[in-house]
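This report covers helix packing and aromatic ring pairs in one protein model. The sequence and structure come first.

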Amino acid sequence: MSLVEPLPGGPSGLAPGQPAGQPLGQPPGQPEWSSPGACCPTGAAATFARTGGLARFVSDAGEGLRRLDLLVPGVHCAACIQRIEDALPRAPGLRSARVNLSLRRVSATYDPAAAEPEDVVAALSRIGYPARPFDARAMHDAERDGEGRDLLARLAVAGFAMMNVMLLSVAVWSGAADATRDLLHWVSALIALPATAFAGMPFFRSALGVLRHGHVNMDVPISLALILAAGVSLFEVAESGAHAYFDAAVSLCFFLLLGRVLDHGARRHARLAAAELGGLQAHSATVVTQGGVRRVVAVEDLRPGDLIEVAAGERAPADGRVIEGASDLDRSMITGESRPEPAAMGAEIHAGVLNLSAPLLVEATATGDDTALAGIARMIQAAEGARTRYVDWALRAAKLYVPIVHLAAAVTFAAWLLVGAELRDAVLIAAAVLIITCPCALGLAAPAVHAAAGGRLFRAGIFLKDGAALERLADVDVAVFDKTGTLTTGEPMLTEAPEAPELWSAARALAQVSRHPFSKALAAAAEARALPAAPATSLREVPGCGVEGEIAGRPARLGRADWCGAGTAAPDANPDAGSAVWLRLGEAPPVRFGFEDPLRADAAATIAALQARGLEVRLISGDAEAPVARAAAEAGIAHWRANATPADKVAALEALAAEGRTVLMVGDGINDAPALAAAAASISPASAADVSRAAAGMALAGTRLTPVVVALDVARAAKRRVFENFAFAALYNACAVPLAALGLVTPLIAALAMSGSSIVVTLNALRMRRAGRAAEAAPTPLTGGPA
């Protein structure tokens, strides 16, 4: 009789008295740090010190140092990165800091002899960036924080107010005067002031937060421009002035929020890979003691040497070795192959691998951070943390933009006062400088192109998840493909079979009781031939071997070669000879049903198109040598590699990068996720595993590979549009700032110029609608017409 012991503290694993939903290690009533931008709760560091809540997030950084990963919701721009990475190393005991903008993760290293984990949290809080431990729960909280919905709501309010205020402004520009003009101005004020206060709150809150700690970021000049535009307009209306600039304020809010929304969406998708990979990890395990007693423990409590029972349908909670039982395993996360693999006594099993058929007793050999699944997660995080040249450009720009804008406005204000201008006029001119230099055109230069490119890609069946991936794709010069499920369909196709209808009927009778991919393919082929299943009895599936029973009084087996008596000389005894199942009926010699994984219909055409565009194409697969060589030859790929592990794929990509190559990775399996994250650009098919789609920068809908070529063409066109926009924005500022400083531009004209520059870069971005049409119209082998 077995006994299942609950987790310590209760059936839910909570500590005694711990409320449901309250994180472990957090006393009841202690608020969670779940609101972006929220201030650090009073005494939070002390609370963590008492409970030891930060200790489990500390890892060894080498050379006697420790590393702490923290989630910092307030990080949203290059200036934030620069501020944190400059300030943290100056705190006592702290050595370095690295910020991942996509994940909003700060990795800080410190000397344990001179600092504690709580000191890192306190140092971040002092510079205006509250933090909490970075883990799967924190990432899910970030996904549920509603920040995206909040930004969209504010964008909608700003857009609605902008349209209405613009309509009222048209009447003023058309010649409305005196009481009519004042009435229209007051109505505009009633619309614009609340809308600006609400829509501009993300900028005001961010600017106030850094100013409290004696620093500035890019939101400070933006907030000043919004306040000055609204304040000067209100003063003008109160004095029955001829001009008001409410349209400038709401237009600024709208265009700046548009860029913020696009940026938030890109970063949200970048955080999904680690969250999806965490979903493969079991949360509990059934440990079997020496006395045969079974108890349920948390995965964190497993140790090497523990005996674990893995039931059918469960994922392995640790790496280990099978010591009892036989089953089929879904190892696709490691090998990339969808075909189930048999596992018997002595077979290795990895954390996250799915047990399909029967219970297994496993001896744990690696747990926690030492498992293969944890290694894949570390590879993904390391690749996501790699800094691109675009981030470096943004960091350098952040150092220059804020002081230059403030200096230009201040110098303009002081200069006009010195030459005898009235205070009101000096303020208006300084406001015009701030407004006309607001980075709308610069801010939209890339996001507007990415939005237009995203729409173009969507119409081509490509889902763009990361605008930076589009930029990197434009520079690729080598494409690396996975085989199974990427170049091939991932579905076995029957290519070799006996002709005798009797054997087909017997095979169908046995195959239709199994869910093995080969069995389903064989049963479907028999059904297509209209061959009925033979009457069969005593059918049963033997895990890891096949199906057996009786047909017309004769014993029958369908499955592995050795189990069906085909012997070690059988073709499928050699893993390089292809895939097959064998049928043995009575005492007759076993017969072979061979399978292959066919190429996608447009695979060869896609490879040829990429090569025609100057890309070198390579194939790296975890499959055996013979099927990989066959697929490479059929697709027209000269360089290929078989039997590659996830680490091998990442190493191959790193070697190419070390040669100065820019790599595009196209893959679909869980084992491809680290390579997808490590590559400069990455694409996964719609049939890919969830974690692979999350790690990739783009995903393909449907079964065709031609959209890979379309994506490349669109990316190259987008790069041209982005640089054209940057050039225009630089020219605009070079011309507009001197005019505003000389007093030749009113705040209203400055707002119109700013909006006009944004419209120009947006219209230039809309030219993306024509990109990639040549590749999309290319004929395919099946249809001979447009794809």
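The text below takes the helix contacts of α14 and then the aromatic pairs.

The model is predicted: local features need pLDDT of at least 70, side-chain atom pairs count only at pLDDT 80 or more, and totals for chains, interfaces and linings use all residues. Residues are numbered from 1 along each chain as its sequence is written, and side-chain values use heavy atoms, without hydrogens and water.

**Helix packing**

Axes are lines fitted to C-alpha atoms, for helices over the stretch in contact, with angles from 0 to 180 degrees between N-to-C directions.

Helix α8 (residues 219–238) packs on helix α14 (residues 423–436) at about 140°, with the axes 9 Å apart. α8 is therefore oblique to α14; angles under 35 degrees count as roughly parallel, over 145 as roughly antiparallel, 65 to 115 as roughly perpendicular and the rest as oblique. Contacts (heavy atoms within 4.5 Å) involve residues of α8 including Leu224, Leu228 and Phe235, and residues of α14 including Val427, Leu428 and Leu434. By class, the contact of α8 with α14 has 12 nonpolar, no polar and two charged residues. Here Ala, Val, Leu, Ile, Met, Phe, Trp, Tyr, Cys and Pro count as nonpolar, Asp, Glu, Lys and Arg as charged, and the others, Gly among them, as polar.

α14 also meets helix α25 (residues 706–741), where the axes come within 8 Å and cross at roughly 170°. These two helices are therefore roughly antiparallel. Ile429, Ala432, Val433 and Ile436 supply the α14 side, against α25 residues including Tyr732 and Asn733. The contact of α14 with α25 has nine nonpolar residues, one polar and no charged.

**Aromatic pairs**

There are two aromatic pairs in the structure. Rings of Phe, Tyr and Trp (its six-membered ring) pair if their centres lie within 6.5 Å; planes under 30 degrees apart count as stacked, over 60 as edge-to-face and the rest as tilted.

| Pair | Centre distance | Plane angle | Class |
|---|---|---|---|
| Trp504 and Phe593 | 5.7 Å | 90° | edge-to-face |
| Phe518 and Phe595 | 4.6 Å | 5° | stacked |

Trp504 lies in helix α18 (residues 501–511) and Phe593 in strand β23 (residues 591–596), so their pair ties together parts 89 residues apart in sequence. Phe518 in helix α19 (residues 517–528) and Phe595 in β23 tie together parts 77 residues apart.

Trp504 and Phe593 are buried (under 20% relative accessible area; exposed is over 50%, partly exposed in between, with a 1.4 Å probe and protein chains only). Phe518 is buried at 7%, and Phe595 at 4%. Nine of the 11 residues of α18 are buried, so α18 is largely enclosed by the rest of the structure.

Technical notes
Helix = DSSP H or I, 4+ residues; strand = E, 2+ residues; numbered from the N terminus.
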